Every structure is written in C-alpha cells, then in structure tokens.
Amino acid sequence: MVKVSKKKGSKRRSKHGSDEPEVSSVEPPVVYDDDDDDEDADLNAAGDEDLSSEEEENERKHQKLLEAISALGGEKKQLGERSEAATCMSEFTMRAEGEADKVQLSDLIGTTPAVSTHVRKQLKDLERSKKTVECPVSKQETQRIQRDLAFQKAASEVSRWRSIITQNQRAEQLVFPLNPEPSGRRPMERVVMGWKAQTPLEQEVFALLSANKQPINDPVLTPAEEASLKAMSLEEAKARRAELQKARALQSYYESKTRRERKIKSKKYHRVQNKSKQKDLLKSFEEMVKVDPQGALEELKKLELSRMQERMSLKHQNRGKWAKSRAIMAKYDLEARRSMQQQLEVNKELTQKLVAPLESEEEERAEDADMLPDCVNVTELQRDFSNPWMRGQLSQESTERKISSTESVTVEAAEEEEEEEEEPKEEELLRELDSRRKQRQTEESNTVILIDDEEEEEEDVTKKQTPEKQAEAPDEEEEVMKDQTLEEEAVSSDEEEAGLSEFTRIFRGLTGGLTAGDADIRGPSAQLEEGLIRFRSVEDTEDLPQEELVAPPPAPPSEPALSSECQVVPSRKRKKGIELTEVLTKDTTAVRVPLAPTITDSEDQLDQRGLIKEAFAGDDVISDFIREKRKQEEAGKPKAVDLTLPGWGEWGGLGLRPSKRKRRRFRTKAAPAPPRADRHLPSVIISEKRNSSVSLHQVSSLPFPFENHAQFESCIRAPLGRTWNTERTVKKVTKPRVLTRLGTIIEPMDQEELLKDQKKSCSVGSKKTQK
Amino acid sequence: MKVKVLSRNPDDYVRETKHDIQRVPRNYDPSLHPFEVSREYTRALNATKLERVFAKPFLASLDGHRDGVNCMAKHTKSLSTLLSGSCDGQVKVWNLTKHECVRTLQAHEGFVRGMVVRYCGTSFFTVGDDKTIKQWKMEAPGYGEEEEPLNTVLGKTVFTGIDHHQKTGVFATCGQQVDIWDEQRSSPVRSFTWGVDSFSSVRFNPVETNLLGSCASDRSIVLYDMREATPLKKVIMTMKTNTICWNPMEAYYFTCANEDYNLYTYDMRFLEKPVMVHMDHVSAVLDVDYSPTGQEFVSASFDRTIRIFPKDAGHSREVYHTKRMQHVICIKWSADNKYILSGSDEMNIRLWKANAAEKLGVLSSREKEATNYNQKLKEKFQHHPQIRRIARHRHLPKSIFHQKNELRAMKEARRRKERNVRKHSKPGSVPVVSEKEKSVVAVVK
C-alpha cells in the first residue's frame, strides 16, 4: 500500500485559485492500488476530515517559498529534509507526512522534467476516470482459462481437417497408401538401408561425392534437384514437364522441317512456297484491314518502306556479279535468260506502288456479295437440322407432304428423295459391292431396278414400323443427319460425285430450288446407281444371280399392287398415328407375298404348327387353363356367413331346420373382393396370396440408408454382373471401397494432404469464379 | 428347293492373338434377362456361404516368451518386424514372415510396460517397472558385442507407457505425470500434471502430431498439446479407460478402450458425448488399435476375444478367439492393413488375418475381379434375411456366449426398470439419457 501525502490536493487548489474549493474537495481521489480499494476509500475519507483551513494556509506559504527557492536554484532539486522519523521515504522530493496521505499521479509528473503535454493530458484523463482494475484471478482460475484457450486453439487447428475427412467419408473409393512411391526402379540407397562405404577407396570416393553434393548413385538426384522437385507438387511438375516436352518437340519438329525445306533444291518448289507465303500474307493482311485498320496501315507502311529500299538499292537490277555472268550466258542459255527476266520482274513487283489493298478490298466485297446467299443458305440449313420438323423432311411423311405441296415434282423424284435418306445406312454395302455394281450396271434394265427399289423401300418402311426399330428410330435419324453433314467425305464413290454433291442436292431440295428439269437431268443416273445399292439388301448378297432369275417373272404383276401398297401404308399411318400394329401386320404380309422363299417358310411354319396340334390333340390346354382361372376366381370371392342359431326362437332338434326367413335374416353378405389383378389379362392367373416359402427370403423392413421402398427396390433391381452390364460398367460398379497395395506400409495422413486439399479447393473456387 | 446352311464367320469369334480377350457376344437388353435379380441373389448367397467356409483367420502363433506378453510395437519401416515385451522384462524381435524370433534382450527388471519404435525405424524405446527409459538399436549387436541400450534415462517414478512423435525426436511417457522428452536430454522437456493420478497410456496423434491423449486412473481421458504448458481438456467417464488410439486418417477422432466392456469413439473437439459407443465385448477391453486406413479398429479384451469394429458401427463385424488364447493384453494392426497381431497372457503372440476369408498373396486379375464382384453382391443383398443370417453367424465359446446373453438380459432389465420408473413418475422428472451420454460423468476444462 502506498503511503499518501495530500500535497497534490493543495497544489491544485493553489493553481485553480480559491474560487472553487468545494469542487476540488468533492473530487474523489484517484486510486492506484487495485488490490484493496475499500481500504483506500476509508483512508481517503479520513484524510479529508483532517485537512483544516490552517494547514492549508501554511501549506500555501510553504509552497511559495519552495517555488521561490527552486526558481533561484534553477534546475537544482532539493530533497525534502527529514526532520522526523518517517514511515516511508520518497526520493521524489516528497515529505512523508502521514500514512493517510497518498501519492497522486500529478506529483510524479511534476518531478519528471520532460513529460510531453500529450502524456500529461492522458494522465489527467486517467486521473479523472473512476474505474478500478479488478484483482487478479486465482491460480487455478488462470490455469483453467489458459487450458480453455489452448483447447480452443487446438480444436480450431484440428478442424482444418474436416473437409478432407468428410470428403474421404463420402468418397467412392479410397486408395492407400495416400502417397504411393513411384513405381519403377528404386535407388540403391533406399533399398539397402544400412550400407556403408567400408574400404578406404570407397570412403574417399564417397567423401568426394558428398563434398560436391553429387548424387552417389546413378538415379539419385542432387540435393538441388530434389529440393526443386519438392518445391513443386508431383502433378504440377508433371504438367510442367509435359509442357516443356511439348515445346521442345514442337521446336525440334519445326527445326527439322525448316532444315528439310532448306535442303530442297527444286526452284519450282520454292517458287510455289514463296507464292503461297505471299498469298497467306495477303490474306492475313486483308483480314487485318477488316479487324484492325491501324495495324494494317502499319503493315502498309512497312511495304512502302521495303519498296523504297528496293528503289534505292541496286538489287534485282541485274547489275551484280551473278547477273553479269548470266547476261553472258543469256545468249545461249534459255534458262539464264529466264532467270534474269525473273529478277527484273521481282524488281518491278517490289518497286510498284501499292494501291492493291484497296482494290482487293473492293473485290472482296464483290466476292462477299457473291458468297452471301451461300452463307445464308448454310445457316438456314443448319437451322433446319436443329428444327425437328424440318429434320422430319428426311423421313417419309414429310417427303410425301412435299409431294402434295409441290405437285410439279414427280413420284420418281420423291422416291429418289427417300433413297437419299436410306443411303447412309447402306454406305458400307455400297462400298462393298462397288465392283459388282459396275458389272451389272450395263446388264440391268431400269424398270427392274425401279421395282426392286420400291420393294426395298417398302421393306424399310416395315422395318421402321416394327417396335424394335421404332425405339431406334431417333438414333437413325440423327445418324442420317450426321451423315448428310459429312456426306462429301463419307461418300467417296465417284458415281455419286458425278452430279452435284449430296449436300447441295439436299440443300436445294430444302430451299425449294429443285426444279423438275434438274431432277430429270439428275434423276435417272442417280436412280440407277442408288437403285443398285438398294437392290442389295442385307440378307442375300451371295445368291443375287438366283434372284435375278427368279424375281423378274412374279414382279410385273405385283408391281401395281405393291406401289399402291406403298402409297397406302403411309397414308394410313398419317391418319391413325398410333395404331401401328395393324398396319404392321398387314404390311408384313403384303411384303411377303411376292417372295417365293418366304412363302415356303410360312408353309413350313404352318406344317409345324399342324404337327404340334396333331401331337397334342388330346390336350385341351386352353379350356383347362380357363377352368383353372375360374376356380381361382371362385376361391378368391368372399363367402357369405350364416349366423343362424338353430333352436333360437324356434323349435330345434333332429331333422328340424331353422326357417328360411331366419336364415335369410342372419346371413351376412361379405364385402365384395377387390378387383383381381388379372381381370384384364385373359391368359394369366395372378395370385396375390403371400407365399411363405418366398417370404423367408424377402426383406421385411426397409433397411437403413434407404428412404423409401422404391429406392431400395431400384437398388436391388440394378444388376452388377457382367452378364447384364458392359465391362466398363462392371469395373466401375464393383470397384472396392478401400484399395490397398500388397506389402506397402500405409503411413498416417500427412500435413501435405491438407495443402493438397487447399489447393484443390482453391482451384475449384477459381474455376467457379471464372464461370 | 433352297438349302439353308448354318454358316459362321470365324472372324466373329476367333481372336487375333491369344492376348486378346475372348469375344463373348452378349445382348444386354434387359427384356431378355427376366431373372437377373434372382440369379444375382443366388450368386450372393453362394458368395456368402463360401466366405464363411473360407473364413480361417488364424495364421500363426509366435511362442518364445516366458511370461505374458505385455506390450508390442510395430516397426515403422519394415512390415515383417514385430517387437514384443513381456512381463519378465524380456523384449523379443520377431520376423513375421518366418514366424521366428530374431533377437531377445533382457530390457528391464520387472514388466516391460511400454515400447515404441522411433519414426525412422533405427532404434526403439522401452519403459519398464524399474523406472527407466531405454533406447535400443534396432540392429542386433555384432558378434562378441554386449547387448546394451544406446541411452538409459532413470526416472523418479515408474513409467507405464511410452509413445514417440511421428516426425521429430520427441517422445512422451506416462506414469504419475505425462512427460515430454527430447531424445537428446535426460530430463523431460515438459511435464503435465492435473491432479494426482497415475496414467496408464499415452498416445501421440499421428496426424496432428503435436497433440497427445492419455488416460488416467481417475477414470479420465486427458488431452494435451505438446507446445502448451497446460493440458487441454479432460473428460471423466464412469469407468476407467485402459488405452486410447487415434485414428490415423481422421485427425480429431480417437477411440478408447474402457473397463465397462465398451469402446468409445470421441471427437476431440466435443468431449461431452462420444460419437459412437462400440459394444460387444463381455469383459474389460484392454487394448485398441486402428487399422492404418482408419476405417476399422481392433480391440483386445479380457474376455479372451479379439473384435474388429468398423469405425462408425456400434457392433463388431468380426470376433476372433481360439481355445488356448487367454486374456488378450495387447493388439496391433499391421501397417499394410492385412494382418492383426495379438499378444496374450499365455505368452503367445498370434497372427491373424484382418479379413478372415481373404485369400492371401498375389491374386490374378480374374480372381481380383471375382472377389470384388462377390463383395459387391454381398453388400447389395446384405439385408436379405437368409444372407444376413449366414454372413453374420459367428461361433463363440460357450462361456462367452452365455455371458453375452446374461449381459443382454441385464441390460434389458435395466432398461425395463428405467422405463417403468419413468412411467410412474412425474413427466419430465426422469429424463431419457442416451447410451452415449451415460458413460460421460463430466468434462473438465
């Protein structure tokens, strides 16, 4: 506890003057000791009481005196004289007057010579404030707080791992060890752990190596290299290496290419090369004109400069040594003359003033104007393809719509369109049978081909209408589309390229630019060839000659019918839309009529059926089944319950039956059974009874991770095996959750993982922001 | 008459070289495979049955100790090396591939209490009842050399456990207090006390390498940070914890083996309630070790069984026991995730497979595929009663079986009583306390 002197209070009063003594006296003293403020308060109160006015007067006088003395002595300080035994001595020129007095802050400030005003002010503020500092907490408490803080720190530190942990918990597959050693040869050092250089020579060598920080074994890297490797992560390093490799490879390619080119002696080659270069330059320049005229201007200036230089110089003027020698030779040698001529031409070219760019621009504009419709058409075409309705044009209905709309187009034209549609599918065949077709081209007549075409076409229609094909239909359409876009490359056969390209043809058809005359010109040849293609259906390519012999005779009579059929079928389809099955069945029969082998086939079938019928003549399976079903239905029906009690309200006994009225009254009708599941299926009996033998194997309640039955059922229904899945799917589905490598130590997770994770998240974040 | 001949183009089914895969034409159209679920179910059933048939986990027994095996240590760099210390102060180094003891040394007088291999694998530390910490070379002494420790530190009290830091030359011991030692110094760098207790085990966190956990005889588990001057936190449980083990892949989870027959997995940030209670043992659990993948852990119990628990399951997936195996005192999961090593009272160390039915050695790719497929099938149909019945059936010794039933009955009775008390008292006055919360008495900050 600090001993107190009341000097400060008096000083203050002297400074302030006597006009406000109450205020200063009221002002509570500032307490510096934090430990026991209660005691302090008591003491202060006592001090206040002691102060009398007399003392104050004395004090003031004494103060004045002191001040005067201090002024005399300059900076000299006087220690307070010690006249009586003091409990506490102060070195700061303060007398110890009594225990009740307190040292005030201002006293201390007064003694220190150079305290800035700023600090003074701060201290004064401090003096005025009434806050007290709390006493320090107990040791146990401080320890508790320390522990708590430390724990929080540790917990937050550990929480960094949360993202990795959750990631791993969710991961489909975990591969351990986390940082697998790179496969391949391991350096000797790592394989042989306790090996040491033993002979003096070895030791010397190793000392040298280690002194120079050289790798001791062949594959081991120098420390610097290792450090650099460590600095980069493996993936980064790999990426960087790949980049460098690529750059190096490209450079070497380029170098070798230029070397090769330089070695080429052919002048023609170089001429062509130069020309093409010039062309490229010009092209790029033109583009530049469009894109940034500023750059183009600069280029132009460069050209101008070169022209000027050329004019200034004597190059290409046939005045050099070589030119002179040539000039001598020119008389006899045509080649020499030509070369000289060339030189002059070059000169001319270079010295010519350039007005060309502007001209070329205009030309290009003209070209653009020419090009314009084409471009527009292309975009139109694309749009058409993207539009499902326009795409539909390739299928039959739309073609027919077209026929109806543009009546000028002949039926043959329409057919041809259809052929075009089917063509891509049969491109392979086309290629296969290229040679044969050419042979036969000469022999066959147009009519036969036409018929065959129609047959084929019909068959295709039927194919499309069968359910399996229907599922695949959209794919096919897409394929058709693709093929058409790529047609020019895909269809390599010359006969097709003879006329217009497929692409332009279709495009014309779409834009409606197809005229009858055009079709006529193109028609027969295209028909011929494509007809041949169609003629070759998938099933019989080998026995074609047979068909040639067989097919013609029945064909002519059936032709009209067929053609009518082929027209009828689509129309029906258009009307009904969904009811394909009927059309289908009829169609198939219609197609099979003209073909002899199929007829025999059907007969065979009939025979077989008949045979079976004969064999099982006695068994009436169908009626048996029906009877069985009836029985089941009967058994399933709820029965009425008879609750009559004999002898109740009536006479009972042997041979007596309750009356009819009673019986009717006490007979309760059961509620009707729910409708049977098989009521609409005439050939099926569905039993909805629970089968106990099956229920043994069934899951009774929904297992944990699943939320509803549908989820669980779908999970069970999805097969895993390779019988039902492709190899890749099986691999993917059956990969184990935890994968470890045989005979490798799995180290605990390292801090590096955290860095990796951070990097990953950073990259993901940046990607997201980019998006 | 047209003759149709069956003809096949060999190009469609003959492979070009023998290294190609056999071409098997398949139609994956689901409408052609109406019985796929039932077929797979049968396969799953067969796979489960075969798994149970082939489940032969016991591989070898290493005998040579002349007293109960009290502690074991895995070599940090070599899979085939195991160290074990027994109750007579002997330490043995084993070669696991040859099933033989490579080296024997008398390390201490009295029990070898703890043992740990330095992170580099060149030396190992042992602590014993003779109040010493000894550091030994991993290599056997040459011919004529005496077996002598590299360093010996004489402590004031008995040390009961030791663990080494993952990366630096710092280790921790426990006895009356937990001490952190620098390998270069003979006095502890730091020692933690929190009340007067004796600690039974101390373990460094392998991931967040500056953290440690220890368990004390006042039924508490205390966490420390090596860098701090004070412990971090303490959780007091209803019964004493014997050992703790940190998850090597998940920094903030640890599992402790308790005297109350259960194991508790805690999140070190939230000690108020364990994340999971693992029940199945019928006697005190003495030791626990995580698999290096951090997915499972294995526990050794006084009830003479070893159990393997998935880290997030309440019950064990496997129980190992043999007729001759007595109280299992220490257990380790090998660093390649394939084997389990148990040291027991009757002086033997046993080598087990971690997956009982796994085929050991290098598998051909087809074998691998088949096992993967079977595994997935088993997983897919695991909820079907027949399959579950077979997959989950294990044989237990009679005594353990009865004990288990007894325990179950007791537990059920307790539950019933509690339920009845709740029913007959003022609503809200008897709150429902979950099994997890029951075990924790208090968390001391």
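These legends accompany close-up views of a predicted model. Residues count from 1 along each chain as its sequence is written, chains take letters from A in the order in which they are written, and hydrogens and water are left out of the side-chain values, which use heavy atoms. Because the model is predicted, local features need pLDDT of at least 70 and side-chain atom pairs count only at pLDDT 80 or more, while totals for chains, interfaces and linings use all residues.

**View 1**
Let us start with A:Glu299 and A:Lys302, whose closest N and O atoms are 3.6 Å apart in a salt bridge (a side-chain nitrogen of Lys or Arg within 4 Å of a carboxyl oxygen of Asp or Glu). Both residues belong to helix H14 (residues 293-312) of chain A, three residues apart, about one turn of the helix. Helices here are DSSP runs of H or I with at least four residues, strands are runs of E with at least two, and both are numbered from the N terminus. An α-helix has 3.6 residues a turn, so residues three or four places apart point the same way. A:Glu299 is partly exposed at 27% relative accessible area, whereas A:Lys302 is exposed at 56%. Buried means under 20%, exposed over 50%, and partly exposed in between, with a 1.4 Å probe and protein chains only. Over all chains, the structure holds 43 salt bridges.

**View 2**
B:Lys77 sits in the loop between strand S2 (69-74) and strand S3 (81-86) of chain B, and A:Glu747 in the loop between strand S4 (738-739) and helix H38 (751-770) of chain A, so the pair joins two chains. Both ends are partly exposed: B:Lys77 has a relative accessible area of 42%, and A:Glu747 has 38%.

How far apart are the closest N and O atoms of B:Glu183 and B:Arg118? They lie 2.7 Å apart, in a salt bridge. B:Glu183 is in the loop between strand S12 (178-182) and strand S13 (190-192), and B:Arg118 in the loop between strand S6 (112-117) and strand S7 (123-128), so this pair ties together parts of chain B that are 65 residues apart in sequence. B:Glu183 is buried at 11%, and B:Arg118 also counts as buried at 15%. Elsewhere, a network of salt bridges links B:Glu51, B:Arg52, B:Glu296, B:Arg317, B:Glu318, B:Lys378 and B:Arg394.

**View 1. Helix H2 of chain B and its cover.**
The 16 residues of helix H2 (365-380) of chain B reach 22 Å from the first C-alpha to the last, close to the 22 Å expected at 1.5 Å a residue (1.5 Å times one less than the number of residues). Its buried residues are B:Tyr373, B:Lys376, B:Leu377, B:Lys378 and B:Lys380.

Rings of Phe, Tyr and Trp (its six-membered ring) pair if their centres lie within 6.5 Å; planes under 30 degrees apart count as stacked, over 60 as edge-to-face and the rest as tilted. The count comes to 13 aromatic pairs over all chains. The ring centres of A:Phe706 and A:Phe712 are 5.0 Å apart and the planes stand at 65°, so this pair is edge-to-face; both residues are buried. In chain B, ring pairs join B:Phe125, B:Phe159, B:Phe171 and B:Trp181 into a cluster. B:Arg8 lies over the face of B:Tyr13, 4.4 Å from the ring centre, and the charged end of B:Lys234 sits over the ring of B:Trp194, 4.8 Å from its centre. For such a charge, NZ of Lys or CZ of Arg is within 6 Å of the ring centre and within 35 degrees of the ring normal.

**View 2. Backbone details in three loops.**
A cis peptide bond, with omega about -5°, joins A:Phe176 and A:Pro177. A:Pro177 is in the loop between strand S1 (174-175) and helix H9 (188-191) of chain A. B:His99 is not a glycine, yet has a positive phi of about 60°; this residue lies in the loop between strand S4 (90-95) and strand S5 (100-106) of chain B. B:Met347, also not a glycine, has a positive phi of about 75° and lies in the loop between strand S27 (339-344) and strand S28 (348-353) of chain B.
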